[in-house]
Amino acid sequence: MKTLEDYVLLAAESHGHMCPGQILGIRMAMLGLRSIGIDDPVKARKRLLTFVEIDRCATDAVSLVTGCRLGKRSLKFLDYGKVAATFVNLETGRAVRVAARDDARAKAKAMFPAIADASQAQLEAYKVMETADLFDLQAVRVKLGPEDLPGRPHSRVTCAQCGEGVNNGRERRLGDRILCRSCAGERYYESVTGGEEDSGVRSQDSGKTERQESGG
Ligand SMILES: [Zn+2]
Ligand SMILES: [Zn+2]
């Protein structure tokens with residue numbers, strides 16, 4: 001594992017700026033990794049899985065330190081809106097969840113009253129604050145199926161409604177039909193093309209804005 005200072009330099013470069021959230025993310029990941037017995041995340045990258053609970057600056061730093069990435073299936077994003085992450089050692093099953101304490105912000109602000117810029121003061125404080133003042137840590141167990149692990153897709157089916165392929169058991173079964181989550185009612189978007197099956201971008205360039213519900 002690198003030092004905090006080394007990670008700070010790397011994080012600023014890859015994230016585009018340095019900020020308090022990234023210090024939190026770096027320290028959160030360093031603490032999490034040590035707690036599950038991983039000292040070298042580069043060597044351990046095949047036996048490490050990380051769950052992040054927010055899509056903010058801290059998450060970029062967690063990804064940087066752990067080497068876990070969405071595209072490698074080793075980083076899982078769960079949108080709970082919390083500055084927290086869970087680190088799983090796949091070899092031993094050991095897992096810890098590390099959450100940033102809400103009162104750390106107020107404590108940080110009080111630490112460097114001489115620094116005028118609030119964000120800068122917070123950033124410097126997060127670098128030196130006691131771990132216990134920054135984070136709550138709990139040992140946890142994470143239920144993982146083979147479909148959750150990195151590597152090649154565990155399974156692939158075709159949605160009976162839209163015809164799109166679905167990996168890793170993320171499909172839904174409604175009666176005897178196999179559907180993707182969107183077609184099963186969990187869609188997060190609405191089509192603006194007015195197409196029957198909402199299937200694609202065919203008329204998106206026509207400038208149409210009318211919306212048509214597909215009525216079941
Ligand atoms: Zn940031
Ligand atoms: Zn579908």
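Of the 40 residues in the largest nonpolar core, which touch the most other members? In this predicted model, that position is held by Met28 and Ala61. Elements contributing two or more residues to the core are α1, α2, β1, α3, β3, β4 (95–100), α4 (104–111) and α5 (118–128). Helix α2 supplies the largest share, 7 residues.

The packing of helix α2 (residues 20–35) against helix α3 (residues 57–66) was examined next. The axes of the two helices come within 7 Å and cross at roughly 40 degrees. Angles under 35 degrees count as roughly parallel and those from 65 to 115 as roughly perpendicular, so α2 is oblique to α3. The crossing of α2 past α3 is right-handed. On the α2 side, the contact is formed by Gly21, Gln22, Leu24, Gly25, Ile26, Met28, Ala29, Met30 and Leu33, which meet Cys57, Ala58, Thr59, Asp60, Ala61, Val62, Val65 and Thr66 of α3. By residue type, this contact of α2 with α3 comprises 11 nonpolar, 5 polar and 1 charged residues. Apart from neighbours within four places in sequence, alanine 61 is in contact with Ala11, His15, Gln22, Gly25, Ile26 and Ala29.

Helix α3 is largely enclosed by the rest of the structure, because 10 of its 10 residues are buried. Among these buried residues are Asp60, Ser63 and Leu64. The elements covering the buried residues of α3 include α1 (4–15), α2, β1 (48–52), β2 (75–77) and β3 (84–89). After α3 comes glycine 67, which has a positive phi near 75 degrees.

Technical notes:
Residues are numbered from 1 along each chain as its sequence is written. Chains are lettered from A and ligands numbered from 1 in the order in which they are written. This is a predicted model: local features need pLDDT of at least 70, side-chain atom pairs count only at pLDDT 80 or more; totals for chains, interfaces and linings use all residues. Axes are lines fitted to C-alpha atoms, for helices over the stretch in contact, and angles run from 0 to 180 degrees between N-to-C directions. Helices (H or I, at least four residues) and strands (E, at least two) are DSSP runs, numbered from the N terminus. Angles under 35 degrees count as roughly parallel, over 145 as roughly antiparallel, 65 to 115 as roughly perpendicular and the rest as oblique. A crossing is left-handed if the near helix is turned anticlockwise from the far one by less than a right angle, and right-handed if clockwise. Two residues are in contact if their C-beta atoms, placed from the backbone, lie within 7 Å. Ala, Val, Leu, Ile, Met, Phe, Trp, Tyr, Cys and Pro count as nonpolar, Asp, Glu, Lys and Arg as charged, and the others, Gly among them, as polar. A residue is buried if 20 or more other C-beta atoms lie within 10 Å of its own, exposed if 12 or fewer, and partly exposed in between; C-beta atoms are placed from the backbone. A nonpolar core is a set of buried Ala, Val, Leu, Ile, Met, Phe, Trp, Tyr and Cys residues joined through C-beta atoms within 7 Å.
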